[in-house]
Amino acid sequence: MDKKVILIAEDDPRVGESLRLLLKKKGHETLLAPHGKEALQRFRHGMVDLVITDLVMPKMDGIELLETVKGLRPETEVIVITAQGTIEKAVQAMKLGAFDFIEKPINPRVISLLVERALEKQTLILQNRDLRSRLEDKFHFKNVIGRSERMVKIFELIRHIAPYDSSVLIIGESGTGKELIANAIHYNSPRASMAFIKVSCASLSEGIIESELFGHEKGAFTGAIASRKGRFELAHQGTLFLDEVEDIPPATQIKLLRVLQEGEFERAGGNKTIRVNIRIIAASNRDLQEAVKEGRFREDLYYRLNVVNIKLPPLRDRKDDIPFLVDFFIEKYNRRYHMKVKGISRKAMNLLTDYEWTGNVRELENTLESILVINSPDVIDVKHLPQEMRELRQRPEAIVIKIGTPLEEVEREVLIQTLRATKGNKRKAAQLLGINVRTIHRKMEGMEAFSEVS
Ligand SMILES: Nc1ncnc2c1ncn2[C@@H]1O[C@H](COP(=O)(O)OP(=O)(O)OP(=O)(O)O)[C@@H](O)[C@H]1O
Ligand SMILES: [Mg+2]
């Protein structure tokens, strides 16, 4: 662990010096100031992790020092030393955010323990903040990749609707980025600094989903040994993400509808009405209208959720995004695993673009991650791709021709498809068809449709 810097403000040199020696022995860096004013100067200059201050001092007393320190850097912990007769001041200090107080004469064991606890708490706060900023970075819009026309339109829509509280329903196949988009909406809304709470409706059994959503009071059911807040309460002033929303059981759908309409509910086993202010984003793999038609999903609830509708296209319908996603993921995993993969060969990229990604972006991402982790090549090439993708290259394409198709049309179809398979390479196509290149040119002249492949 890094050395921690502890600032001691104490006007009695004997107390100050012995405290300093003690903390030094524990491996900490120490600074000693004879009054609050000098302590503050030192605090402003150095990276102080913890402040220990006497309360009664000349020039600037401990309370004022505490207030100023907390104002400058709120995450700094302050331990207050009190003498007899200043206990009221110690109470005041606690209210102002002091970590704890210790009475004179100082017991070395007690102060050592307090110091360790205060430093530990501070480390946790800083780690938390770091995590938070990394999360925000992760969900920043710039990390949602999409250059295809359909995705660009979706981004425009998101930018437009993010600031409002209207409910959003996101529909898309597995791995198309529903959760990512839900996050992007939240982190680009005025609620960004508040909670984003996710509920995976499919993973919660009918028995527990209500207590998960709305919480419960102690004794509401066997096993409810303490009262507990539900996700609705946790998401207050933030965003609640209802994932796989079509799996919410009918009885819960009614309660959900009421919260959406009135913004209030009761905990299970409780009679106090709780009011919340929440934005709802729901997601589903399938179109909810089907579920409504089949009577599995309440129509009124559907309309409540479906104020803004976002349909995420599967990756096979936006192949132009694939090269950008590939670059993005190479970059992402280079950073994560400290690798230096430079890029991908054109042939390998073509295979990735042609592949039918049933698992959508998640499958593409996993594929690249495993290539980087397993091979960490200089440049990703065809040989690094999973077998099923390499086979795609060799598999002969088939053409279905109906019985009775005029021969002229058959010839034309075979010609077009062969040229497509060779990516317009006429020499190669001629070779495959067993004719010479000039014949291909001649046959093409009469067919306008060739313009798209040649
Ligand atoms: N447009 C995108 N740009 C960058 N990464 C993306 C994009 N879309 C999806 N991803 C990544 O693909 C993975 C799957 O995305 P996400 O979990 O949001 O999908 P989903 O639609 O919620 O899937 P499921 O239905 O299986 O829950 C995540 O790692 C996500 O970061
Ligand atoms: Mg998801």
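I started with helix α8 (residues 206-214) and helix α10 (residues 250-262), which pack at an angle of about 15° with their axes 10 Å apart. Because of that angle, α8 counts as roughly parallel to α10 (angles under 35 degrees are roughly parallel, over 145 roughly antiparallel, 65 to 115 roughly perpendicular and the rest oblique). The model is predicted, and local features need pLDDT of at least 70, while side-chain atom pairs count only at pLDDT 80 or more. Residues are numbered from 1 along each chain.

I reminded myself that axes are lines fitted to C-alpha atoms, with angles from 0 to 180 degrees between N-to-C directions. Helices are DSSP runs (H or I, at least four residues), numbered from the N terminus.

Next I looked up who touches whom (contact means heavy atoms within 4.5 Å). From α8 I noted Ile209, Glu210, Leu213 and Phe214, and from α10 Ala251, Thr252, Lys255, Leu256 and Val259. These residues divide into six nonpolar, one polar and two charged (Ala, Val, Leu, Ile, Met, Phe, Trp, Tyr, Cys and Pro count as nonpolar, Asp, Glu, Lys and Arg as charged, and the others as polar).

Then I turned to another pair. Helix α13 (residues 322-337) and helix α15 (residues 360-375) have axes that come within 9 Å and cross at roughly 45°. That angle makes α13 oblique to α15. On the α13 side I found contact residues including Phe329, Tyr333 and Tyr337, and on the α15 side Leu364, Leu368 and Leu372 are among them. By class, this contact has twelve nonpolar, one polar and three charged residues.

Definitions and conventions:
Chains are lettered from A and ligands numbered from 1 in the order in which they are written. Side-chain values use heavy atoms; hydrogens and water are left out. Helices (H or I, at least four residues) and strands (E, at least two) are DSSP runs, numbered from the N terminus.
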